[in-house]
Each structure stands twice: as structure tokens, then as C-alpha cells.
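Then I looked at the whole chain and at a few single residues. My entries follow.

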Amino acid sequence: MALNKKPYKGTRDFFPADKRVQDYIFNKMRSSAEAFAFEGYEGPMLEEVALYKAKSGEELINEQIYSFEDRGNRFVAIRPEMTPTVARMVAQVHREIPKPIKWYSIPNLMRYEKPQRGRLREHWQFNCDIFGEVGRSSEIEILQLITHLFNSFGANSEHFEILINDREIVNIVFNDLMKIDEETSYKLYKIVDKAKKVKPEGLEKMISELNLSSEAEAIFKKYLSLQNFEELFSFLEEKGYGEKSNGFKELFQITSEIGLKDYLVYDPTIVRGLDYYTGIVFEVFDKNPENRRALCGGGAYANLLQIFNENPVPGVGFGLGDVTLTDFLITHKLMPDLSKNEVDLYLTFQSDRAVAKNFELANKVREMGFKSLNSLETIKFKKVFSNADKFGARFVSILGDKELDEGFFQVKNLATKESFDIKFSELDKLRELLNA
């Protein structure tokens, strides 16, 4: 029986053209993070399952992780997310290193899920986190970083928006205004998270099953109807809780002043499912109706390190998957053409006598800092230019017996069709051509 040549379900083979796309995206991620002085980190592919049990939801543990018992009888898993790992790493060093701690990574992750558009079993995720900074500054910088990254791909407020809420505000509504208990509050969070995903009658049914008082139900429905920041602040002011929204109001004012106003949209249904969020929560959404979906999400948290019996260290961060980002770029026609390799000079020879010289020239081109592709065998003249185009070359060189005897080689610019004769002793002219 022949082996299957396809990759495991939900994973991908990255042939060179696919790898060019991945490298392009990863380079944008790295340059954006480093522009904000974030430092890269990495962790192991395997972690103990206990780490995920302490931090993640039951669905992840019971249905989505790839886990097994190793030869030392340890129950381990291929990492399905990076947050527990970075929390474990920060817990080791946060007392010794300067704050804020600004780290980023692009880890390979695995989850056992049903493959579909925007979701595979294997993906890479751009994670950025700031630890140790108290106040709204770190939240604002994370939002600024996200916008900077999408802008670097050519996207603007016509392409995406950041739906945002604040868990402190939600707690005011649930605990102070509605006066519900912790168990009901937890159930209500789940309902809010599903509010846009179900039909109105389905939402009404879920609310009615909680048996809220008529006053609490009216407040909750009013909260869900809020459309923007102004309506939110007016609502809280009317209820006598205006001062408690000052932090979120400050974030709104500063982000407006620094050019983020067109991107931020207040949305009361954004609460994020993970229990450790304590401050802002947000999701970046594609505005194109053909791909209307969340691209990434994140928020602020204070209690993440408590799973290691550490004192609270405030943090804020987000995760952006490569699959959803790629779909976004393709949908909006923002992905450049990366179907061909990028080669500065394709060196060809038409005589076996020229083999050694061609190798020598190719090496000198590399020493100049350019990408050179050596043909490795004699190429018929009529195939030279079609080959060069397939390889993505900007220039092509031709070296035959005549050129070898007279001490020069021909170079042609494939874009302008101009040809140049360059002596072996005058390679600075080649440098000038390739730099043009």
C-alpha cells in the first residue's frame, strides 16, 4: 500500500511559494513588534497538561489538545496556545528584569479542531504581551501595535475595525447595577459572548432561563443595545457610575488623539471567553462582508501568574493567527505577488570551458551582497530568458567561449531589455547595475 502524499488533515505543506508568503507575513510581524521595542522569545513545543488545566477552559483540555503520556509517565501536550508558556516564563524572571516586560513570539500551535475556512489544526500565531505596566498606557500601546501591523500590509480603517469593551464596565453593569450573584454573572457572560451569534428569539430564550428580576433584565437589555462610546458613558452617568468609567474614558480620549478613533468601535458583546481578562477586551474584525469574521483578539489581565502562586502582575496582549491574516490579505487584495523567487542575477554558461569562471562570478556576486543563481549546467541560448523569468531573476548573464576568450560576460536587464558587456576586471559596473 502506497503512503499518502498529502499532509496530515488540518496541516499544510509549505512549498517555496507558500513559504515566501509565510516569510513575508512573519517579517512584517517581527518588524512591527520590534518597532515598539518588543523582544522575541520562544518556548518548548511540549508542556505538561497540568499547565493548560490551570489556565485554559474545559473545551480545550477535553476536546482540542494533542496529549500523550511520555516514557517518564508524564502527561504532556503539544502546545495548543502560547499564553500558559509565556506566563510560566515570566513567572521565573519578572522580579529580576526591568518592567515593562515586552515580549513577542510566532509559535507553531496544534489543536484538534474541524478544519474550515480560517481555522486549521496547525497554525502559527503572532503573540505580543506587555507585563508589569499599571494603567492604560500598555493597553493603548497594544492597540497601536495592532493598527501599525495591519497598516504595514496596506490595510486601513476601510478594511478592519477593532471592537472593544472593558471587563470592568461589564462588572459594573452585572454586579453594581443588576446586582446578580457570581454564578448568574458567569452565565450572563456566556450569553453576552453568544449574543451576535444567535437569533433574537434564541437570545431572548437564554435570558429568560436565568429568571432575572424585571429591573435587572431591563438593565441588561439596555446594556446590549449600546451602540458607541458616547452612549455607554451616558448610560453609566445616568446610573450614577460615571466616575467608575473614567479609565475607559481616558483610553477612548487618548486613542482618539493619536489617530485610532477610526478603528475603535465600542461593542458590549465583546467579553472574551477566558476568565482571566480583567481590563479591556477586544477583537479585530474584517469589514469585508465576504470575510466578516474575527481576525484576532486579546485584552488586559491581572491574575495570570497566580497559577504559579505568584503575586498579580498586570499584563495585556493579543494573538493573531496566520490563517485568518492570510485570508484577510487575500480578500482585500493586499497580498503581493510572491509566486516567484527573487533573484538578482541568473548566471548561465554556454560552454563547458566556462564552468569554473561562472562559479567564480557567482561567488563574487554573493560577496557583493546580491542573490545569484548559477545555472549549474550549460543552457541553450533560446532557454536562457524563459528560465530566468521562471526563477524570478532581475538580470541574466551569458558566458560562452567568445566572452571567455575576450575577458567579459554579457548582462541583460530583464525589465528594460538593456544589455551590457562587463569585463571580468570591472565588476564594480555589475554592482552598479544590480543596485539600480
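**Entry 1: an arginine and a glutamate.** I began with arginine 119, which forms a salt bridge with glutamate 113; their closest N and O atoms are 3.1 Å apart. I take a salt bridge to be a side-chain nitrogen of Lys or Arg within 4 Å of a carboxyl oxygen of Asp or Glu. Are the two partners buried or exposed? Arginine 119 counts as partly exposed, because its relative accessibility is 36%. Glutamate 113 has 13%, so glutamate 113 counts as buried. The cut-offs are these: buried is under 20% relative accessible area, exposed is over 50%, and partly exposed lies in between (1.4 Å probe, protein chains only).

**Entry 2: ground rules.** This is a predicted model, so I noted its limits: local features need pLDDT of at least 70, side-chain atom pairs count only at pLDDT 80 or more, and totals for chains, interfaces and linings use all residues. Residues are numbered from 1 along each chain as its sequence is written, and side-chain values use heavy atoms, with hydrogens and water left out.

**Entry 3: a pair across the chain.** Next I looked up aspartate 267. Aspartate 267 forms a salt bridge with lysine 196, with 2.3 Å between the closest N and O atoms. This pair links distant parts of the chain, 71 residues apart. Aspartate 267 lies in the loop between β9 (264-266) and β10 (277-286), and lysine 196 in the loop between α7 (182-194) and α8 (200-208). Helices (H or I, at least four residues) and strands (E, at least two) are DSSP runs, numbered from the N terminus. Aspartate 267 is buried because its relative accessibility is 5%. Lysine 196 is exposed, at 58%.

**Entry 4: a pair within one helix.** Lysine 402 and glutamate 406 also meet in a salt bridge, at 3.6 Å from N to O. Both belong to helix α15 (residues 401-406); they are 4 residues apart, so about one helical turn separates them. Lysine 402 and glutamate 406 are both exposed.

**Entry 5: the wider count.** How many salt bridges does the structure hold? I found 26. Arg136, Glu139, Asp166 and Glu168 are linked in a network of them.

**Entry 6: the whole chain.** The protein chain has 16 helices and 17 strands. Of its 436 residues, 50% count as buried. I compared its radius of gyration, taken over C-alpha atoms, with the globule rule of 2.2 Å times the number of residues to the power 0.38. A compact globule of 436 residues would come near 22 Å, but this chain has 28 Å. Its C-alpha atoms fill a box of roughly 95 × 55 × 50 Å along the principal axes.

**Entry 7: two loop residues.** Where is isoleucine 258? It sits in the loop between α11 (246-257) and β9. Isoleucine 258 is partly exposed, with a relative accessible area of 38%. Leaving aside neighbours within four places in sequence, isoleucine 258 is in contact (heavy atoms within 4.5 Å) with Ile140 and Gln144. Its C-alpha atom is 25 Å from that of threonine 269, 11 residues apart along the chain.

I then turned to glutamate 426, in the loop between β17 (419-423) and α16 (428-435). Glutamate 426 is partly exposed, at 30%.
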